[in-house]
Amino acid sequence: MPATISNPRDLLVQLLGDLLYVERRLADDVLQTLIGSVGDEELRGALEHHREETATHAVRIEAAFRRLDVAPTSNRSAAFEGAVAQHSELSGSFANPRLADAFNAASALHTEHYEIAAYAAILAVAEAAGFGEAVADLQGSLDDEHRARETLEAAIRRLGG
């Protein structure tokens, strides 16, 4: 049973834990698997670069936990795992490698939107609750996610036609 969330700090800790789970899964496994399945060199390079950024994102979230005097704890994200499962289910369905890469970029873009929303929510909750300084470094991660989103959108336009 999940812990009771009774104040804004509890909510912030919950949101951080959800995002830490996603960033760790991406950095440790999901992005590497995706990189291995991509044929397009430009997309592969962008994903490799973002995998390095993602590892830094996890470190930043862990630091935010510590600034809140909480041990970093990840909370399994069913939404993220659902997206991973959907990608796995469909990824072998492509006869055209270029379309497969467009699909891979689209799947990554879904995750970027999830992360962007998560970072925006964390920053807003923290600011409203007076914990803005504890999570201030996460703005850099949000900026990275926006750049990754732009890169993926460009890749989809390039590969999807």
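A helix here is a DSSP run of H or I that is at least four residues long, and helices are numbered from the N terminus. In this predicted model, Leu20 lies in helix H1, which covers residues 8-37, while Thr54 lies in helix H2, which covers residues 41-67.

Both residues can be described by their accessibility and by their contacts. Leu20 is buried because its relative accessible area is 0%, and a value under 20% counts as buried. Thr54 is likewise counted as buried, because its relative accessibility is 0%.

| Residue | Residues in contact |
|---|---|
| Leu20 | Ala58, Ile61, Glu62, Phe65, Pro72, Thr73 and Ser74 |
| Thr54 | Glu23, Leu26, Ala27 and Leu31 |

How do the axes of H2 and H4 cross? The axes of H2 and helix H4, which covers residues 97-129, come within 13 Å and cross at roughly 25°. H2 is therefore roughly parallel to H4, as angles under 35 degrees count as roughly parallel. The crossing in which H2 passes H4 is left-handed. On the side of H2, the contact is made by Leu43, Leu47, His50, His57 and Ile61, and on the side of H4 by Asp101, Ala105, Ala108, Glu112 and Tyr119. Sorted by class, this contact of H2 with H4 holds six nonpolar, two polar and two charged residues.

Notes: Residues numbered from 1 in each chain as written. Predicted model: local features only at pLDDT ≥ 70, side-chain atom pairs only at ≥ 80, totals over all residues. Heavy atoms only, no water. Helix = DSSP H or I, 4+ residues; strand = E, 2+ residues; numbered from the N terminus. Buried < 20%, exposed > 50% of the residue type's maximum accessible area, 1.4 Å probe, protein only. Contact = heavy atoms within 4.5 Å. Axes fitted to C-alpha atoms, helices over the stretch in contact; angles between N-to-C directions. Parallel < 35°, antiparallel > 145°, perpendicular 65-115°, else oblique. Left-handed = near helix turned anticlockwise from the far one by under 90°. Nonpolar A, V, L, I, M, F, W, Y, C, P; charged D, E, K, R; others polar. Lists of a residue's contacts leave out its neighbours within four places in sequence.
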